[in-house]
Amino acid sequence: MNGIILCQSKYGASKKYAGWIAEETGFKLVETKKADINDVSTYDVIILGGGLYSESISGISFLKKNISALKGKRIFIYCCGAAEYDEELIDMVKKKNLKDGLENIPMFYFQGAWDLDKMNLGDRTMCKMFIKMLSKKDPATLNKTAKLFLDIKDKKCDWTDKKYIAPLIERIKEENK
Ligand SMILES: Cc1cc2nc3c(=O)[nH]c(=O)nc-3n(C[C@H](O)[C@H](O)[C@H](O)COP(=O)(O)O)c2cc1C
């Protein structure tokens, strides 16, 4: 089984998961921005991972652009957000990201990290505005993810854990038996 992991990570959480996946599979790890489709298309298994930003998966455009060149490959996607795993959230992320030929690609969700101090000014400002907007809403109308964002606000959180990659590793092994 030969494979490649493409990862686009701004603050390190999805990169950490990419490292753990590389450890478990022995696959090569490449930054999505530096990936060359001529190289990527030589692998049987392609894993694309990235942070979740306003519900969009970082680096997903690489797959959208190159999906026709990857016909017949085993492709997997994972994304990393601050939100806790939640079926409703995952469905929404899938609907938003898995389109234009990506509909049938298995997607996995791993909880990442959150630290306003580590964010660049633009991201920090956007997150603070988002949280302020949430705080003005009637708490009874907030979903689980919104409540979590209100709770973590200016806390430093790191939920990354190697255990989350187990279902992805199992699926890769199963499909390559
Ligand atoms: C501007 C911005 C938007 C974000 N949007 C979301 C989001 O829609 N859902 C979510 O769960 N987390 C969101 N996050 C949190 C990141 O997904 C989280 O910190 C993740 O671990 C980042 O992964 P990375 O370090 O690999 O880029 C956002 C963070 C920032 C800075």
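Thr145 has its place in helix H6; helices here are DSSP runs of H or I with at least four residues, strands are runs of E with at least two, and both are numbered from the N terminus. With a relative accessible area of 14%, Thr145 is buried. Buried means under 20% relative accessible area, exposed means over 50%, and partly exposed lies in between, using a 1.4 Å probe and protein chains only. Leaving aside its neighbours within four places in sequence, Thr145 is in contact with Ala83 and Leu89, where contact means heavy atoms within 4.5 Å.

Before going on, a word about the model: it is predicted, local features need pLDDT of at least 70, side-chain atom pairs count only at pLDDT 80 or more, and totals for chains, interfaces and linings use all residues. Residues are numbered from 1 along each chain as its sequence is written, and side-chain values use heavy atoms, with hydrogens and water left out.

**Around helix H6**

Helix H6 covers residues 144–152, and its buried residues are Thr145, Ala146, Leu148, Phe149 and Ile152. Seen down the axis of H6, these residues fall within an arc of 160 degrees, so they line one face of the helix; the arc is that of the directions from the helix axis to the C-beta atoms. An α-helix has 3.6 residues a turn, so residues three or four places apart point the same way. The cover over the buried residues of H6 includes H4, strand S7 (113–114), helix H5 (121–135) and strand S8 (157–158). At the start of H6, a side-chain oxygen of Asn143 comes to within 3.2 Å of the backbone nitrogen of Thr145. After H6 comes Lys153, whose phi is positive, near 20 degrees.

**Two domains**

The protein chain is divided into domain 1 (3–114 + 157–175) and domain 2 (116–155), with bounds that come from an automatic or database domain assignment. Taken over C-alpha atoms, their centres are 25 Å apart. The contact between them takes 12 residues from domain 1 and 15 residues from domain 2.

**The nonpolar cores**

In soluble globular proteins, nonpolar side chains tend to be buried together. A nonpolar core is a set of buried Ala, Val, Leu, Ile, Met, Phe, Trp, Tyr and Cys residues joined through side-chain atoms within 4.5 Å. The largest one has 27 residues, and those with the most contacts inside it are Leu6, Val40, Ile57, Leu63, Ile77 and Met107. Among the elements that give two or more residues to this core are strand S1 (3–8), helix H3 (60–66) and strand S5 (74–81). A second, separate core of 20 residues includes Trp20, Tyr78, Phe110 and Ile172.

Ile77 lies in strand S5 and counts as buried, at 0% relative accessibility. Leaving aside neighbours within four places in sequence, the contacts of Ile77 include Leu48, Ile57, Leu63 and Met107. For Val40, with such neighbours also set aside, the contacts include Ile4, Leu6 and Phe62.

**Cysteines**

How many disulfides does the structure hold? It holds zero, a disulfide being a pair of cysteine sulfur atoms within 2.5 Å.

| Residue | Closest cysteine sulfur | Distance |
|---|---|---|
| Cys79 | Cys80 | 7.5 Å |
| Cys157 | Cys127 | 12 Å |

The sulfur of Cys79 is too far from that of Cys80 for a bond. Cys79 counts as buried at 0% relative accessibility, and Cys157 counts as buried at 15%.

How values were computed. A polar contact is a pair of N or O atoms within 3.5 Å; within protein, one must be able to donate a hydrogen and the other to accept it, and residues adjacent in sequence count only if both atoms are side-chain atoms.
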